[in-house]
Amino acid sequence: MRIDKKYSNWQLAALVTLRILIGWHFLYEGISKLMNPQWSAASFLLESKWIFAGIFKGIAENPSVLPIVNVLNTWGLILIGLGLILGCLSRIATVAGISLILLYYVCNPPFIGLYYAIPSEGNYLIVNKNLVEMAALFVLLLFPTGNIIGVNHFFHKLRSK
Amino acid sequence: MDEKRDDSQSLPKKGIERRDFIQGLATLPILGLFTLSWLDKTIHDKPKDLARSQRTIPEGLSDINVAFLGTGEQGYILLNDCLKLPGLRFRAVCDIWESYNQKRAAQVLKKYKHEVNTYMDYREMLTEEKNLDAVIIATPDFWHADHTVACLEANLHVYCEKEMSNTLEGARIMVEAARRTGKLLQIGHQRRSNPRYLHCYNNLIKDAGILGRITAVKGQWNKAVQPDIGWPKKNIIDSATLKKYGYESMHQFRNWRWYKGLGGGPIVDLGSHQIDIFNWFLDAQPKSVMASGGTDYYSKDTHEWYDTVLAIYEYETEQGVVRANYQTLTTNSSEGYFENFLGDQGTLQISESANRGGVYREPTAPQWDKWVSLGYLSAPEKVTPQITSGAVLDVRETIGPDRHDIPVTFNDPYHLPHLANFFNAIRGLEKLNCPYDIGYKTAVTVLKVNQAVEKARRLEFDPLEFQI
């Protein structure tokens, strides 16, 4: 039998809340993109700076790759969001979430000397919301709660039968 | 809760229980809450979305069909900006430099899934393309009149780069064609749509009268020495084609701005943008101009127009006389480009260059707290002299004025709002910010500088010259 970490009530509540909040954010980002036929990652990718700019711009400028990236991004966000909220395959969802945000971060990192035409809603120096959300997901990866509060609980229960 | 949870973990052999369902599906209601919020937001945003969609794509004109005529350096910038605007469908590209300009433009448009046809001759394009709504003209100045008139007569709305024409006769027939056809003609003085310039004119100058009585204007565009523009040898245009379209050589085709009869030199290329702002912000046209200039640095064989020009205009405004000097150097880039408006209560420094500028209150002027609280200006910062040499400031030194930022930032490409204004005017949503009559008045104002240099004397403007 796999031994879960034993959290206090408050710890569990805090971790599940964090998981749901991040899941909600992912889900709504994905749904918004799904509902907006005009949406495309092109402008975000074209704005890419730093060492990976060539790759991201290449994606934006390739008409056969861009639609695939758009679909993957939209559905990735939705599925990760659902996974986190429901606690369903939440470990996979967490890793996928970290990977996705890492891509956003390295595409347009708030590094010294990089200037972006797309105005950001805040002011960032190296640390931006992507990095913070990524770190929060990393916490959730180390302190999983899906087996306790979430659909994973069933699998966990059946597996440990 | 803690205890219950531990039970479920420590006693797994009892199978799935009610408690497991509660724990497994505990967060399901969150999805319900999400769905409710989302639906609520959708209903809430619907009128806004509807308004937005009506704004960008009105019925009957879902996409504006656009052609590019001239896709050299400037045309390529406009093309890239147009790609950022919604509701446009690009249909055709026309440029006589088939193997370079034309190819480059078509490739970019095709990348973004615009199926464009390519042409070398504008007449052929206008005959073949039956579904165009608008054209962006960015050809050399001496072609503007022919191209614009032909496009207007083909029932197209026209965005034509400045200078409207290299001759007033050319500009006049453009105005006549626009009036005759009733189509829109926007001239590419793009600062007229720049939100920072609009804020300065509408709020600071007209509404607040923040500068008091403007007595002087100072503008410049200084550029560093540049070699002549070259071309890849494999992409040379044959001489018959060059001749057909008015060029004697590939060098002349690439460097047309410097040649008499083709362009107008730096005072027209650069000065025209800023002298247009003089007229706009002063709400007037000049009474006279005197100027000094010449081809002082470059070879006169390849630089027929003047590489250095200093001009002084005299305006008679409602408030009184305003003297405005403008200089353009192509041999030194000191201080770049800007327009300064100097009044008895303050100074406005503005430039198209990335958010450069500010407003300075004269020490004797009334406080500007009201304008700061209205958001017209940012809060002041004291300008203190920087002393690094150990020199002691004399008591007779004037105290530095307060400096305020212009609280409107603009990070888009420079031409984007002017192009957006053009397309929105086609959709009937906005008025053109630089229609032909403004472009014409600016052409009259600017083209006279070259005459003043040539004649080496002060030239008067007859008010009738500005009427069209």
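At what angle do helix α1 (residues 9–35) of chain A and helix α4 (residues 66–86) of chain A pack, and how far apart are their axes?

Reply: This is a predicted model, in which local features need pLDDT of at least 70 and side-chain atom pairs count only at pLDDT 80 or more, while totals for chains, interfaces and linings use all residues. Residues are numbered from 1 along each chain as its sequence is written, and chains are lettered from A and ligands numbered from 1 in the order in which they are written.

Helices α1(A) and α4(A) pack at an angle of about 150°, and their axes are 7 Å apart. Helices (H or I, at least four residues) and strands (E, at least two) are DSSP runs numbered from the N terminus. Axes are lines fitted to C-alpha atoms, for helices over the stretch in contact, and angles run from 0 to 180 degrees between N-to-C directions. The two helices are therefore roughly antiparallel to each other; angles over 145 degrees count as such, those under 35 as roughly parallel, 65 to 115 as roughly perpendicular and the rest as oblique. The crossing of α1(A) past α4(A) is left-handed, a term used if the near helix is turned anticlockwise from the far one by less than a right angle, and right-handed if clockwise. Residues of α1(A) in the contact include A:Ile20, A:Gly23, A:Trp24, A:Leu27 and A:Ile31. Those of α4(A) include A:Trp75, A:Ile78, A:Gly81, A:Leu82 and A:Ile85. Two residues are in contact if their C-beta atoms, placed from the backbone, lie within 7 Å.

Each of these helices has a further neighbour. Helix α4(A) packs with helix α5 (residues 90–107) of chain A at about 140°, with the axes 8 Å apart. That makes α4(A) oblique to α5(A), and the crossing is left-handed. Here A:Gly76, A:Ile80, A:Gly83 and A:Leu84 of α4(A) meet residues of α5(A), among them A:Ala93, A:Ala96, A:Gly97 and A:Leu100. On the other helix, α1(A) packs with helix α6 (residues 129–142) of chain A at about 135°, with the axes 10 Å apart. These two are therefore oblique to each other, and their crossing is left-handed. A:Leu15, A:Leu18, A:Arg19 and A:Ile22 of α1(A) meet A:Glu133, A:Ala136, A:Leu137 and A:Leu140 of α6(A).

An open sheet of 6 strands in chain B, with parallel pairing, has the order β3-β2-β1-β4-β5-β6. Strands β3 (117–119) and β6 (185–187) of chain B stand at the edges with a single partner strand each, so one side of each has no neighbour in the sheet. On average, neighbouring strands of this sheet are turned by 20° against each other, direction ignored. Two strands pair if DSSP finds at least two bridges between them. B:Val135 is the bridge partner of B:Ala67, and B:Ile136 has B:Tyr159 as its bridge partner in β5(B).

Finally, helix α14 (residues 416–426) of chain B holds B:Phe423, which is buried, with 25 other C-beta atoms within 10 Å. B:Phe423 touches B:Ile64, B:Leu85 and B:Leu88, leaving aside residues up to four places away in sequence. The C-alpha atoms of B:Phe423 and B:Leu88 are separated by 8.6 Å, although the two residues are 335 residues apart along the chain.

Key:
Buried ≥ 20, exposed ≤ 12 C-beta atoms within 10 Å, placed from the backbone.
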